[in-house]
Amino acid sequence: MGSSVLTPAKPDLSGHTGPPPGRGNDGRGGGEGPGGQGTRGPSNSPLPLGAYRIAIWTAIISISMLFLALTAVMVVRAVESNNWIHTAVPPLLYFNTLALIASSFTLELSRRALKTGPSIQFIRWLYITTGLGITFIVGQLVAWTELAAQGIYITTSPSSSFLYLLTAAHGLHLLGGILALLYLVFRRYKIVVIPQKRIAVDITAIYWHFMDGLWIYL
């Protein structure tokens, strides 16, 4: 029989008893970094909730300045012009206004249901809000068609030019709100389950209510 000779291991004079430096507990590289975050860096951290609110209010202020400038130019043009002819608003625009106002109420009902009521109510009111928003856009297109049928185009008069310009500018900005609503629709289940996702509902509601008030101003 052969005999095996055990060679004693050399002692670690540094006193280190754990895994080698620069390695995790599993012996692989990429252990915890500063602050115990491991390989997760600051880029993986979500933005503070206040940052989203600052962003939406910055956008609202910018849009407000744009429409204030457009309406100021329109008022000056109407006062200084000798041939200003008022363009009658198509009756369909009043229906569109009611649809947009109703969408603000349904969105608020959806937002409140998310906090206190059953999730099915949140989703149901969200669907209705999105439908009303799309109805408003379709109604605007039909109203422009009615104007064209009456021979009123964007180049017919200064008044008609501003009517088309203001309604088109508002419609384009409202499309951004509809895209936000569609995002909520597609992420509805995650929003219900993950409370951190609900900031998207609050931000969308702020923007949508602003677009509602802007339309009433116009």
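Predicted model: local features only at pLDDT ≥ 70, side-chain atom pairs only at ≥ 80, totals over all residues.
Author: Let's start with a term: on a 1 Å grid over the protein atoms alone, a pocket is an open set of points with protein on both sides within 12 Å along at least five of seven lines, and a residue lines it if one of its atoms is within 4 Å of a point. Residues are numbered from 1 along each chain as its sequence is written, and side-chain values use heavy atoms, with hydrogens and water left out.

Reader: How do you know how much space lies in the largest pocket?

Author: A volume here is the space filled by probe spheres set on the grid points, which are joined across faces, edges and corners. For the largest pocket, that comes to about 440 Å³.

Reader: What makes up its lining, and which residues lie nearest the centre?

Author: The lining has 18 residues, with Val89, Leu93, Leu163, Thr167 and Leu218 nearest the centre. Two or more residues each come from helices H1 (49-80), H2 (92-116), H4 (158-186) and H6 (199-217); a helix here is a DSSP run of H or I with at least four residues, numbered from the N terminus. H4 gives the most, with 5 residues.

Reader: What classes of residue are in that lining?

Author: Ala, Val, Leu, Ile, Met, Phe, Trp, Tyr, Cys and Pro count as nonpolar, Asp, Glu, Lys and Arg as charged, and the others, Gly among them, as polar. Sorted that way, the lining has 12 nonpolar, 6 polar and no charged residues.

Reader: What makes Arg53 and Asp202 a salt bridge?

Author: The rule asks for a side-chain nitrogen of Lys or Arg within 4 Å of a carboxyl oxygen of Asp or Glu. The closest N and O atoms of Arg53 and Asp202 are 3.8 Å apart, and the pair passes. Arg53 is in H1 and Asp202 in H6, so the bridge ties together parts 149 residues apart in sequence. Asp202 counts as buried at 16%, whereas Arg53 is partly exposed at 34%.

Reader: Which other salt bridge does Asp202 form, and how do you know?

Author: Arg111 bridges to Asp202 too, with the closest N and O atoms 3.5 Å apart. That pair links H2 and H6, 91 residues apart. Arg111 is buried, at 19%.

Reader: What makes Glu108 and Arg112 partners, and where do they lie?

Author: Their side chains meet at 3.6 Å, N to O, in a salt bridge. Both lie in H2, 4 residues apart, about one turn of the helix. An α-helix has 3.6 residues a turn, so residues three or four places apart point the same way. Glu108 is buried at 17%, and Arg112 is exposed at 53%.

Terms used
1 Å grid on protein atoms, 1.4 Å probe; cavity = no way out; pocket = protein on both sides within 12 Å on 5 of 7 lines; lining within 4 Å. Buried < 20%, exposed > 50% of the residue type's maximum accessible area, 1.4 Å probe, protein only.
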